[in-house]
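Open the model in your viewer and keep the selection tool at hand. The tour goes from one selection to the next.

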Protein chains: 2
Amino acid sequence: MVTVNRNYLKLPGSYLFSTIAKKVNIFQEENPQASVIRLGIGDVTQPLAPAIIDSLHRSVDEMGHRETFRGYAPDLGYDFLRDAIAKNDYRDRGCDISADEIFVSDGAKSDSGNIQEIFGTDNKVAVCDPVYPVYVDTNVMAGRTGAYSQEKGCFDGVIYMPCTADNGFMPEFPEEVPDLIYLCFPNNPTGGAITKERLQEWVDYANRYGCVIIYDAAYEAYISQEGIPHSIYECEGARTCAIELRSFSKNAGFTGVRLGFTVVPKDLVRDGVQLHRLWARRHGTKFNGAPYIVQRAGESVYSPEGKQQLAQQVAYYMRNARVIHDGLQDAGYSVYGGVDAPYIWLAVPNGMSSWEFFDHLLSQAHVVGTPGSGFGANGEGYFRLTAFSTYENTVEAVERMKKM
Amino acid sequence: MVTVNRNYLKLPGSYLFSTIAKKVNIFQEENPQASVIRLGIGDVTQPLAPAIIDSLHRSVDEMGHRETFRGYAPDLGYDFLRDAIAKNDYRDRGCDISADEIFVSDGAKSDSGNIQEIFGTDNKVAVCDPVYPVYVDTNVMAGRTGAYSQEKGCFDGVIYMPCTADNGFMPEFPEEVPDLIYLCFPNNPTGGAITKERLQEWVDYANRYGCVIIYDAAYEAYISQEGIPHSIYECEGARTCAIELRSFSKNAGFTGVRLGFTVVPKDLVRDGVQLHRLWARRHGTKFNGAPYIVQRAGESVYSPEGKQQLAQQVAYYMRNARVIHDGLQDAGYSVYGGVDAPYIWLAVPNGMSSWEFFDHLLSQAHVVGTPGSGFGANGEGYFRLTAFSTYENTVEAVERMKKM
């Protein structure tokens with residue numbers, strides 16, 4: 001008899017952002033006149049930069065002629081893109097990462113969901129709490145956790161590292177040593193950034209105990225302060241303990257274009273096996289490359305025009321972040337993040353729960369945010385707003401919230 | 001201590017097409033003057049059709065303007081594409097499949113690799129032998145098999161259904177009833193097509209025993225004969241036992257564009273769970289949609305101009321198939337397939353092994369094919385050639401093989 005993967009059934013309800021989308025759709029149907037402003041899901045709103053549009057048109061034309069048509073891409077990505085990444089994101093920052101340690105993919109969500117596959121199901125997983133749900137859910141689906149406790153708001157068998165106002169939203173070393181440690185900095189959802197000194201301590205910890213850090217640096221383009229690392233490979237020893245996930249979604253507006261990459265250094269060996277070899281095997285077996293035109297678009301992100309245009313785009317969003325941060329602080333909210341990240345994390349007022357505040361904000365201000373509790377038990381009482389809307393809508397949303 | 005997924009270590013050597021690519025690269029380096037013709041990997045060579053190029057340019061322009069920019073796609077695909085698929089591929093063929101049973105993805109390789117995830121690891125898997133390696137390898141990686149036997153050329157715990165000249169390359173019902181049955185028709189690698197009557201017997205079998213058929217119809221556009229089903233849902237009762245995988249790679253030349261879809265009917269329930277719900281959860285958690293511009297390109301495949309242009313493209317490749325089929329038959333080879341599929345399956349002459357013939361063909365004729373043994377033990381002694389090259393190269397390759 002066919003059995004299903006019953007680990008899936010441990011997941012409580014649907015994926016956070018699907019739930020939010022459904023709630024907003026219902027509200028919109030019942031209130032067709034309401035002008036809803038979405039500061040919830042971390043989706044960008046600015047159009048693709050001209051350098052990227054030009055690159056896409058050029059490569060589309062190539063696909064229309066026999067001489068320049070491209071079929072299957074190389075398993076792990078085109079060299080032109082892997083070379084550009086290795087130079088710009090790593091060598092230019094003093095990181096020792098070579099092009100053949102870079103695996104091009106269709107985005108960081110796929111990679112952050114799939115990376116756990118190369119590990120045994122007996123590994124103990126540690127995550128920050130609150131956390132991007134994909135890290136946890138994909139480990140649940142793989143059977144690396146116990147059941148979900150509705151009461152505690154967490155899964156048995158997972159090590160949760162609380163990130164709260166008390167510890168400045170920075171995880172502390174857990175009591176029990178984990179095997180796989182998911183870290184995301186600048187952080188989603190709290191918007192916090194880790195210093196190089198603190199990240200070095202995590203690298204040292206992982207090397208000391210033989211852990212693997214899965215480091216999600218999807219938001220590195222938003223770092224504005226000195227002393228905040230853009231890559232974990234800025235830390236000494238990271239080549240023997242860390243995998244890094246990167247995305248083009250937020251630095252280049254590729255949420256609807258789909259491109260990302262994962263770095264697995266060849267020095268990273270566990271259980272007697274080079275992890276690079278396993279991830280290459282997964283890519284070669286279950287993935288057929290990112291589209292040629294999309295990889296060319298990714299290449300243009302590193303062109304002089306691309307860099308200049310995208311710096312402006314990031315600056316545009318970071319102005320929104322300041323509008324939210326400063327506006328809500330003026331209105332008396334406790335506000336965190338928004339300096340090195342496009343996310344603002346605010347303490348929900350008046351003892352409301354995160355979902356109560358979600359409903360309140362949607363019905364009163366017609367503003368959509370993300371309930372902190374959707375990111376974990378320690379997110380309860382918090383709320384995430386994103387800087388990815390237009391400037392006009394961001395200003396309007398903050399005005400509405402001030403009047404609430 | 002971190003453990004790796006040791007199931008990966010059961011896989012013998014690297015993925016078939018990576019091995020071939022490496023061999024060809026070495027040959028090219030050693031023989032830089034040789035003009036190698038590739039009839040190996042099933043990659044297309046014709047440029048994208050004008051209707052598709054136009055659609056891509058239009059949607060790229062949309063991405064460059066704030067008013068028409070698109071961020072994250074809906075989890076399961078844009079309605080415009082799902083509706084076009086439901087109408088053209090299903091309703092117009094009399095199949096009862098609705099748009100919300102269609103899951104848009106980045107290609108059939110990903111889907112055929114990922115679909116096994118929603119099932120328990122205790123399911124018994126049946127595959128044809130020879131077989132597209134992804135079905136087997138991904139089940140190995142998930143721990144659904146035992147070790148690989150070098151001697152037998154197969155994995156313990158997998159039910160292999162021999163497809164040989166003796167049974168006309170059509171699988172017979174296995175002695176042991178499997179749980180998951182992978183079928184691919186028109187077949188890769190043998191090029192054989194299944195009749196509707198025979199496929200109906202498989203559907204009845206699956207419904208009787210509670211199996212699930214994973215039906216890969218990636219090559220349906222190449223069917224030329226009447227009475228050959230384009231979809232398993234042409235068979236009565238398939239909604240309660242079959243998942244169908246489809247691709248835009250071969251009917252529209254999207255190998256480097258990346259688009260596919262999977263159909264999971266809502267009536268398909270196993271172990272008390274709707275499989276549609278599980279696959280939706282996987283998509284929502286581990287995938288972030290195919291690119292907007294690629295989904296628009298997919299939509300244009302169903303436009304009147306798209307249909308007309310792609311019919312010509314398929315006809316172009318099928319002319320190649322006839323050139324190979326008839327040319328090699330004239331030269332005394334035993335040749336199969338090539339009528340309803342872009343693959344020609346030939347018996348290797350003179351008692352050579354498949355890999356010996358590969359090396360012989362590469363060194364003597366500078367033609368690349370795929371060794372049948374790469375698809376399974378029963379592929380030994382056979383060799384796959386594809387119709388996806390240019391007409392000129394196909395004619396030249398056959399001439400060289402005749403002279404060999």
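Start in chain B, in this predicted model, and select strands E2 (residues 102-105) and E10 (residues 260-263): the two run antiparallel and are joined by four bridges. To find one facing pair, pick B:Ser105, which stands opposite B:Gly260 in E10(B). Now show the side chains of E2(B). B:Ile102 and B:Val104 lie on one side, B:Phe103 and B:Ser105 on the other, and all four are buried, so both faces of the strand are covered.

Next, display chain A. Its secondary structure comes to 11 helices and 17 strands. The C-alpha atoms fill a box of roughly 55 × 55 × 50 Å along the principal axes. For a compact globule of 404 residues the radius of gyration would be near 22 Å, and chain A agrees with 21 Å. Of these 404 residues, 65% count as buried.

Select helix H9 of chain A, residues 304-330. Just after the helix, click A:Gly332, which has a positive phi of about 100°.

Finish at A:Phe155, in strand E5 (residues 154-155) of chain A. Is A:Phe155 buried or exposed? Its relative accessible area is 5%, under the 20% cut-off, so A:Phe155 is buried. Leaving aside neighbours within four places in sequence, its contacts include A:Lys10, A:Leu11, A:Pro12, A:Val136 and A:Tyr160. For a distance across the chain, select A:Gln46 too: A:Phe155 and A:Gln46 are 109 residues apart in sequence and 37 Å apart in space, C-alpha to C-alpha.

Note on methods: Residues numbered from 1 in each chain as written. Chains lettered and ligands numbered in written order. Predicted model: local features only at pLDDT ≥ 70, side-chain atom pairs only at ≥ 80, totals over all residues. Heavy atoms only, no water. Buried < 20%, exposed > 50% of the residue type's maximum accessible area, 1.4 Å probe, protein only. Contact = heavy atoms within 4.5 Å. Pairing = 2+ DSSP bridges. Rg over C-alpha atoms; globule rule 2.2 N^0.38 Å.
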